[in-house]
Amino acid sequence: MSAAHPIISITGSSGAGTTSVKKTFDQIFRREKVNAAYIEGDAFHRFNRAEMRARIQKENANGNKHFSHFSDESNLFEKLEQAFRNYSETGTGLTRHYVHDDEEAAQFGAPPGNFTEWEPFPDDTDLLFYEGLHGAVVTDTVNVARYADLKIGVVPVINLEWIQKLHRDKGTRGYSAEAVTDTILRRMPDYVHFIVPQFTQTDINFQRVPTVDTSNPFIARWIPTPDESIVVIRFRSPRGIDFPYLLSMIPNSFMSRANSIVIHGAKLDLAMQLILTPMILKLMDRRRRA
């Protein structure tokens with residue numbers, strides 16, 4: 001952690017909704033005039049798209065049916081930890097972009113499925129913002145979580161996460177339902193070993209729970225809407241959290257445990273604004289004092 005160069009990390013698996021949370025942070029940064037440097041988690045994958053496909057085929061041929069983007073073998077965890085460490089110490093570091101599609105190819109000047117060159121963060125930023133799969137990862141050799149000052153987990157219940165991934169990959173990437181299902185099954189061991197443990201490291205978890213039947217996510221015709229969901233917000237340390245204020249400001253919210261508040265799904269953005277804005281301002285105040 002660093003008072004002078006704070007780091008915020010948003011962690012969730014593919015299809016969990018971390019991009020929506022990032023948009024809320026962008027709104028807060030713009031309103032509060034916070035100048036952030038950004039890291040996209042997939043920039044620290046080890047392989048480009050073609051290399052990953054070839055590696056999966058190789059692993060399958062060798063009997064490993066579970067090689068995925070979630071594991072340490074397919075990510076540059078050491079380089080990600082170095083980026084966090086460098087920023088916390090000096091406010092500098094290196095990142096790159098993974099180019100997803102033709103639109104991003106035109107923006108970044110690299111073919112889809114490939115990485116841009118490594119480049120330094122902009123000068124004189126107020127904080128570093130990470131959004132991706134491994135913002136709180138801890139293994140036997142790396143500890144990314146220790147460098148982040150505020151760690152947020154975005155954690156839909158598993159059936160909802162699968163529905164979101166199925167609809168996103170089918171609708172925007174053209175994959176078949178069978179192909180997405182195979183990906184989910186292939187990733188499951190790495191999901192258990194690399195993704196799930198991070199949510200014990202996070203300071204706050206936002207877990208969306210559908211209130212409609214999702215018992216068979218593989219045939220769901222649509223993603224449950226916010227109005228068809230509740231969100232469980234868990235604080236690792238409830239000390240300093242003004243729960244009476246949150247309950248008064250968020251209609252129909254209630255506390256389910258001493259460190260957890262439950263809200264209507266449509267109030268997630270309001271809840272994040274109320275909870276996260278004071279935390280970001282506190283980081284900025286601590287930075288000014290440093």
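Predicted model: local features only at pLDDT ≥ 70, side-chain atom pairs only at ≥ 80, totals over all residues.
Local features were taken at pLDDT of at least 70 and side-chain atom pairs at pLDDT 80 or more, whereas totals for chains, interfaces and linings use all residues. Residues are numbered from 1 along each chain as its sequence is written, and side-chain values use heavy atoms, leaving out hydrogens and water.

Helix H1 (residues 18-32) packs against helix H8 (residues 268-289) at an angle of about 50°, with the axes 10 Å apart; helices are DSSP runs (H or I, at least four residues) numbered from the N terminus. Axes are lines fitted to C-alpha atoms over the stretch in contact, with angles from 0 to 180 degrees between N-to-C directions.

A search of the whole structure found one cavity of 30 Å³ or more, that is, a set of points on a 1 Å grid over the protein atoms alone where a 1.4 Å probe fits but cannot get out. About 110 Å³ of space lies in the largest cavity, the volume being that filled by probe spheres set on points joined across faces, edges and corners. Its lining (residues with an atom within 4 Å of a point) comprises 11 residues, with Phe70, Glu161, Trp162, Ile184 and Tyr191 nearest the centre. Helices H5 (158-173) and H6 (177-195) are the elements that each give two or more residues to this lining.

Technical notes
1 Å grid on protein atoms, 1.4 Å probe; cavity = no way out; pocket = protein on both sides within 12 Å on 5 of 7 lines; lining within 4 Å.
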